[in-house]
Structures are given as C-alpha cells and as structure tokens.
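Have the viewer open and follow along.

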Amino acid sequence: MNKISKVLIANRGEIALRIIRACKELDITSVAIFSEIDVEGLWVRKADECYPIMGDVIQAYLNFETIINIAKKANCDAIHPGYGFLSENADFAKACEEAGIIFIGPKPEHIALFGDKMASKVAMKKVGVPILEGTNEPVEDKKEAKNIAAKIGFPIIIKAAFGGGGRGMRIVRKEKEFDAMFDSATNEALKFFGNGQVFIEKYVENPRHIEVQIIADKYGNVVHLGERDCSIQRRHQKVIEISPSPRLNQEVRKELYRISTKAMFKLGYESVGTVEFLVDEEDNIYFIEMNTRVQVEHPVTEITSGIDIIQRMIEIADGDKMKYMQEEINFRGYAIEFRINAENPQKNFMPSSGTIEKYLTPNGPGVRLDSAAYTGYKVPANYDSMIGKLIVWALDWDGTVKKARRALDEFVLEGFPTNIELHREIVRDEDFIEGKLNTSYLDKKMDKFTLSAKDHLQDEEKKISKIMQFINTIKNKKVNVRN
C-alpha cells in the first residue's frame with residue numbers, strides 16, 4: 001500500500017506548479033508554502049492547500065525546521081524540494097526522515113557525497129568513470145593551489161568545492177592571473193555557499209556540456225532517459241538545453257549511457273539524478289558533477305522519452321519499482337528548452353523585475369510552456385531571474401529549430417527586459433541551425449546577437465501599423481456609407 005497521499009512542496013514558481021500538476025495526476029493532495037511577496041503566486045492558487053511563511057523572503061524557502069513543522073501540521077506524508085533552495089541539502093533530507101516524512105529525492109548520504117565535488121570525483125573514479133586531472137582534496141592555501149595549478153598545466157579552472165550554478169568558478173589561462181582569480185573564486189564561494197574551499201582542475205577548451213538523466217529505484221534497477229546538451233551557457237549557467245545532443249558521436253553517446261548507469265548502480269543510487277560530463281573536441285569524456293535533484297531542463301527529456309520524471313520521482317520515493325526496462329524506453333525526435341529570464345542581455349544580462357503588462361504565450365503542436373507567470377503578475381527581484389521555460393519538439397532537428405523560431409516569435413512578454421529577443425537571434429544563427437555547439441558558443445556570439453535584438457520588435461511594429469491603417473480605412477468607409 002502506497003504511503004504518499006499528501007505532499008508539501010518546499011519551493012516556489014514554475015517548479016512548484018509543475019509538482020502540483022504531477023500530484024494532481026497521481027491523486028495526491030498538494031500543499032504549497034509561500035513568502036510574503038509570493039502571495040499572488042500562481043502555484044499558491046493551484047495547490048490544494050497553502051501556508052504562508054512570514055519574515056525574510058529568502059529564508060522562507062530555506063528554513064527547513066519551519067517547513068517540516070508546516071508539513072507535520074498539514075499531515076503531509078512527504079516533501080518535494082524541487083530544484084534550488086533545499087533540494088541538495090543533505091541535512092534537510094535527513095531531518096525529513098527523522099521527522100517521519102518522506103523526502104522525495106535521493107538518500108541523504110548520496111546528496112552529501114555528490115554535494116562534495118572532490119569526494120564525488122573520487123567515488124566516480126573508483127567505479128570506472130573518467131574524470132579531469134586535478135585535486136581530490138579541498139584547497140584553501142593560495143600558494144599550495146598555485147603550485148598544484150602549475151603541475152597540472154594551464155589553462156586550469158578553479159571551482160567552489162560546495163557549490164554549483166557557475167558560482168565560485170574561474171578559468172585561469174596564465175599563471176600571472178592565478179592570484180586574482182583564486183581570491184575572486186574563494187570569496188564568491190564563501191558568499192554564496194558559506195564555504196570558501198575550492199579545487200583545481202584541468203580546463204578543457206571548447207567542450208560540449210552533456211548530461212545523462214538517470215532514474216533508479218530502491219531495488220537496484222537503473223535506467224537512463226537519454227542525454228541533454230547544455231553547451232549554450234553564460235558564465236557556466238545554462239541558457240538553452242537540447243535533447244538529444246545534435247552531432248554527438250553515437251559511440252560516445254552509448255558510452256555516456258553505459259558509464260552513467262553502471263556508476264549509479266554500483267553506488268546504490270535511488271531517485272532521479274543527472275550525471276554531467278564534458279566532451280572535448282576529440283570526443284574524450286570527463287565527469288564533472290552529479291546533480292541529485294530534478295533539473296530545470298527535465299522537460300526536454302520528458303518530451304523525447306514520454307516519461308513524467310516528477311511522477312516517477314514521487315513513486316520511487318513511495319517505494320514503487322521501476323515501471324519499465326531500458327529497452328522499453330523509446331526516444332522520439334528532438335526537444336529544445338529556452339530559459340525565459342527577466343534580464344537585459346544588452347546590459348550585461350542585468351536582472352530585471354516588475355509587473356507583467358502584456359503576456360501572450362505561444363501554443364500549437366509541439367509547444368510546451370512551464371511558467372507561473374500571467375498578465376499582472378509582479379516578478380520579484382528577490383529570487384532567480386527565470387520566469388519560465390519554453391520547450392519545443394519535432395521529429396527531426398530541422399523541424400525543431402523551425403518550431404522554435406515560430407514559438408519564440410509568438411511570445412510576447414512586456415513590462416521589463418527579458419532574454420526572448422536573444423533566443424530569437426540564436427535560433428536564426430547558422431551554427432545553431434547546424435548543431436555546432438560548445439560552451440564558448442554564446443561568448444563568441446554575443447556582440448552579434450545584442451546588436452540585432454531589436455529587429456523582431458521593429459517588424460512587429462510595422463505589422464501593427466499596417467493593420468491599424470487598414471482598420472481606420474474600413475471605419476472611414478463605413479462612415480462615408482452612412483453619410
């Protein structure tokens with residue numbers, strides 16, 4: 001008999017709404033929490049029950065003692081953390097267990113293991129996963145770190161030991177740049193993660209960032225749901241994600257699947273997870289990290305595999321066995337996800353916020369929009385700048401790119417700057433059309449994109465002007481007939 005009948009969602013925005021929808025289809029009661037400034041959140045309205053957390057608007061989603069207390073009072077069986085906030089906090093997962101509440105995610109020990117970048121590298125190497133040359137222990141002393149970097153050979157990359165999302169990460173191409181970059185990386189790591197420890201790795205120039213989606217149950221069954229190409233990034237933060245990866249060598253693809261599933265089986269991993277790799281220009285594979293949560297980009301995998309990742313995540317936490325074997329999972333077509341952010345690409349991606357004055361969303365076959373936005377919604381400046389995710393699908397790559405152009409051209413969001421215009425430029429770029437992608441793609445293209453970002457708006461204004469002229473002409477003719 002299943003234990004989960006009521007789930008508290010320890011998150012906000014589009015991912016909270018996404019989990020609510022999954023719960024409804026599983027006949028599970030959903031419970032939302034919200035900060036003072038999120039009272040008008042769409043997920044708050046759509047949940048079966050909702051509870052405010054007063055005080056600091058950031059801590060509202062981080063104070064797990066308060067969240068667990070609410071879950072108890074609401075008689076919740078489980079908590080889903082979504083992504084960000086507490087989703088990769090091993091202490092939170094353990095506290096849920098101790099409170100008799102199911103944590104919908106991996107075991108605390110796996111969250112702790114993969115939250116420690118050095119320990120995870122060592123663990124993955126032991127189970128046969130190729131890793132980048134670098135340190136296996138945290139480095140705090142600048143002189144020691146510089147000596148290690150010199151032995152590895154420049155370029156190297158400095159990474160926060162207990163972080164992610166591109167924070168606390170610096171590329172050092174020359175020895176004379178090391179001191180300043182080390183200070184910058186450790187200071188940022190301390191600010192965002194409360195720990196300034198870093199590790200040093202060999203830096204791979206112009207790689208593709210490829211990740212493999214894993215699902216594993218409590219009974220040793222592990223399957224993959226294909227790969228995603230996350231190479232289009234800005235400052236190591238993903239902007240566009242694609243499944244499957246265009247132009248990826250089929251043998252490399254098979255090897256990525258093999259080593260990912262084998263590693264998770266050997267480590268006894270449970271729940272969903274994402275094994276992330278760099279693939280260099282010679283098709284060498286290097287493990288970089290493991291994410292023990294649902295990814296922002298999970299929709300592209302859902303569309304190409306036909307599997308609801310959030311629902312499977314809940315069912316596995318509830319003790320269910322895997323519903324299918326690897327050979328029963330059929331992949332179809334290509335999917336692209338565009339992160340729609342409140343930011344200004346023409347001003348170094350400066351975050352923006354404000355009220356959505358006009359909101360016309362794309363639709364039609366092969367178009368999905370995961371968002372909690374609506375006309376009149378006030379986008380706060382206190383959280384991540386992502387407003388939503390536009391996902392498109394078609395049977396082949398060319399058709400998917402054309403679908404993306406059409407959907408992005410239909411998308412209207414007014415009230416503050418967004419990156420929609422940038423996405424419109426990207427899907428018209430020849431390298432993107434041909435699937436020639438690597439992690440330096442966006443850096444090399446930005447000057448071109450930001451210079452032409454207004455073209456689409458000018459075309460729309462011309463169309464509107466012609467339509468208004470036609471309407472006025474018709475009105476004048478009607479007046480003349482009456483006279």
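## Burial and packing

What you have on screen is a predicted model. Of the 483 residues in the protein chain, 55% are buried. Take the contacts with a separation of 6 or more: 67% of them link residues 24 or more positions apart.

## Overall build

The protein chain contains 16 helices and 22 strands.

How does the radius of gyration fit with a compact globule? For 483 residues such a globule would come out near 23 Å, and the protein chain has 24 Å, so the two agree.

## Surface and charge

The accessible surface of the protein chain is about 21,700 Å², and carbon and sulfur atoms supply 49% of that.

On the charge side, there are 69 positive and 73 negative side chains. The centres of these two sets sit 4 Å apart.

## Two cis peptide bonds

Some background before zooming in: most peptide bonds are trans. Now go to F154 and P155, which are joined by a cis peptide bond with omega at about 5 degrees. P155 belongs to the loop that runs between α7 (142–152) and β6 (156–160).

Another cis bond turns up going from S243 to P244, this time with omega near -10 degrees. Here P244 is in the loop between β11 (237–243) and α9 (250–266).

## Two positive phi values

Again a bit of background: a negative phi is what most residues other than glycine have. D27 is not a glycine, yet its phi is positive, near 60 degrees. You'll find D27 in the loop between α1 (13–25) and β2 (29–34). Is D27 buried or exposed? The relative accessible area of D27 is 71%, and the cut-off for exposed is over 50%, so D27 counts as exposed.

S271 is also a non-glycine residue with a positive phi, about 90 degrees. S271 is part of a strand, β12 (residues 271–279). Buried or exposed, then, for S271? With a relative accessible area of 2%, against a limit of under 20% for buried, S271 is buried.

Technical notes:
Residues numbered from 1 in each chain as written. Predicted model: local features only at pLDDT ≥ 70, side-chain atom pairs only at ≥ 80, totals over all residues. Heavy atoms only, no water. Helix = DSSP H or I, 4+ residues; strand = E, 2+ residues; numbered from the N terminus. Rg over C-alpha atoms; globule rule 2.2 N^0.38 Å. Buried < 20%, exposed > 50% of the residue type's maximum accessible area, 1.4 Å probe, protein only. Contact = heavy atoms within 4.5 Å. Areas by Shrake-Rupley, 256 points an atom, 1.4 Å probe, with all protein chains shown as cover. Lys, Arg positive; Asp, Glu negative; His and termini not counted. Charge placed at Lys NZ, Arg CZ, Asp CG, Glu CD.
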